[in-house]
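Please have the model open while reading.

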Amino acid sequence: MTDLTDLSLLEAGAALRAGEVSSLELTRAYLERIASLDPSLHAFLAVAPAPAEAQAAAADRRLAEARRSGTNLPAALGIPIVVKDVLCVQGLPATAGSRILEGFRPPFTATAVERLVEAGAVVLGKTNTDEFAMGSSTENSAYGVTHNPWALDRVPGGSSGGTAAAIAARLCLAGLGSDTGGSIRQPAAFCGVTGLKPTYGRVSRYGLIAYGSSLDSVGVLARSAAEAAPLFATMAGHDPLDSTSLVDGVPALPLDGRARGLRLGVPSEYFIEGMQAEVEAAVRQAVEVFRALGAEVVEVSLPHTDLALPVYYVIAPAEASANLARYDGIRFGPRRPGADLMEQYLATRGELFGAEVKRRIMLGTYALSAGYYDAYYGQAQRVRTLIKRDFERAFEQVDAIACPVTPTTAFPIGGHGDDPLSMYLEDVFTLPANLAGVPGLAFPVGFDSGGLPIGMQLNGPALSEPLLFRLADAYQRATDWHRRSPELVL
C-alpha cells in the first residue's frame, strides 16, 4: 500500500473526495510518522492525537454526506495541518516558545486557524518557534532547537522553523506560520518548501501572539504553491476582530501555469558581496526559467534596501517592548515570588524571558524613551516610508520582483553563536517586504553542493497574492525542486 504521507495535498484531497482514503487514516499515518521522526527533529512543541482524530472523524462524516449529495467541499476538508505556536488554538498550549507562557492554554482560537478548522482541516499539533517569533533559526526557543530535515546539524530557519521542518519531513501536509521580518519565507527557503507572507492585513491577526504589530502577518506553508493557495484563500478576508484587517475580498486564484506577458523585476541591491555563490546562481537560473516561460525580465532598483535592517531593528523591538509589557506573571503563565508586586514582576520577567527577547525589549524601550523617540522610532518610520515608495515605484514598471530569500543556505546549529548582528543579517532580503507591507512568496529553486535547499522569493504589490501564486505555480510546473524530500530513517 502507498505510504499516505507520500501524497501531496492535492492528491490527498482527491483521494478523500473519492472515498479512496479516510481523513482518519490519513491523520493516523501522520501521527505515526510524527511519533517516529519528531524525537530527532523536534518540530513540535505539542502533538494533539485525540483532538486531531476527532476532527478527522468529523471530516469523514462530511465527506460521506457530500459523496451522497454531490455537494462541493472546501479544499481543507480532512487535510492534516500544523500550527506555529504563536497562534492560539483553544485547548492546546500556546507558549510562543517562551517559559513565561508555559502552561497557558487559550480559551479561544485565532481567526486564521478557526477558518481552516471550520473548513474541515485537522490540527495535528503546535510547532516550535523562536521565542515570541524573535529569531531566524528556531534556536531561541526556550524548549530546544528544531533540526533541519535535510541535515540534522543545520537550522531549519526561523521563526517558523518548526512548521517548515514538519512539512519538509512529511509530518503534515501544510501549516501556518507568522512573518514579521521573514519568519515564513526564510525557513521555507532553508527547508525546501513554499511559504507565503501575505499583504499586511490580508489575513486576520486576531489570536496571534503579537511581536511587532505593524509588521506581523499570518501566512501559510506547504510543499507547493498549488497546495498553499487554497489554504490561503480559506484563511484570508476581513475580520471585525482585527482592526487592521483589510475589507478587500479574496479573489479567485487561477493557477493556469502561465507566466507569458508578465514583467519580472530583478533588483541589483539583492545580490550582495559575500552572498553564497550557489544561491546567486540558482536564483538567476530560476529567473531564466521565467524568461523561458514567456515573462519579460528587467532590472529594477530598490535604493533604500540597505536601510531596511537598521530600520527594522528599531521599529520591531519598539513595538515588541510595548506588546510584551503584558507578560507580568499575573495574567498569563507562571510567576516568580517577590517581596512586593514590582519585585515579583521583575523576577518573573528576568527569569522567564530568554536572552534575545530581553535584548529586543531593552532596545525597543530605549528607542521609545523620552528624548529619543523622534531620533530613533520617528526617524525609522520616516525611512520606512522611503522603502515603501521604492516598491511602489518598482511596481509601476513590473508586475512582480524576483530575488533571493537568504544570502546563504541553512547554517549550522550554533553557527552564529553569541553574535546577534550576524544572525540579524540573515533577514536582510526579507525585511523590506514587511516594512512595505507587500506580499512575498518563497519557494525552492535548487540545492547547493552540500544538498541543502535554495529558495527564491517573489514580491508583488499589495493584494497581489493571486499573481504570486500563479507565477510560482508556473515555475513549479516546469521544475521539480518542490517535489524532492529529505531521506529520513523511520
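The points below are grouped by topic.

This is a predicted model, in which local features need pLDDT of at least 70, side-chain atom pairs count only at pLDDT 80 or more, and totals for chains, interfaces and linings use all residues. Residues are numbered from 1 along each chain as its sequence is written, and side-chain values use heavy atoms, with hydrogens and water left out.

**Sheet**
- An open sheet of 11 strands runs in the order β1-β3-β2-β4-β6-β5-β10-β11-β9-β7-β8, with mixed pairing.
- β1 (44-47) and β8 (296-300) are at the edges with a single partner strand each, so one side of each has no neighbour in the sheet.
- Strands are DSSP runs of E of at least two residues, helices are runs of H or I of at least four, and both are numbered from the N terminus; two strands pair if DSSP finds at least two bridges between them.
- β5 (residues 194-197) and β6 (residues 217-222) pair in the antiparallel sense over three bridges, and Gly-195 has Leu-221 in β6 as its bridge partner.

**Loop between β3 and α5**
- Phe-132 is found in this loop and has a positive phi of about 50 degrees although it is not a glycine.
- Phe-132 is buried, at 1% relative accessible area (buried means under 20%, exposed over 50%, partly exposed in between; 1.4 Å probe, protein chains only).
- Ala-133, in the loop between β3 and α5, has a positive phi near 65 degrees and is buried at 6%.
- Ser-159 lies in that loop too, and a cis peptide bond with omega of about 10 degrees joins Gly-158 to Ser-159.
- Most residues other than glycine have a negative phi, and most peptide bonds are trans.

**Helix α11**
- Tyr-366 lies in helix α11 (residues 355-368) and is partly exposed, with a relative accessible area of 42%.
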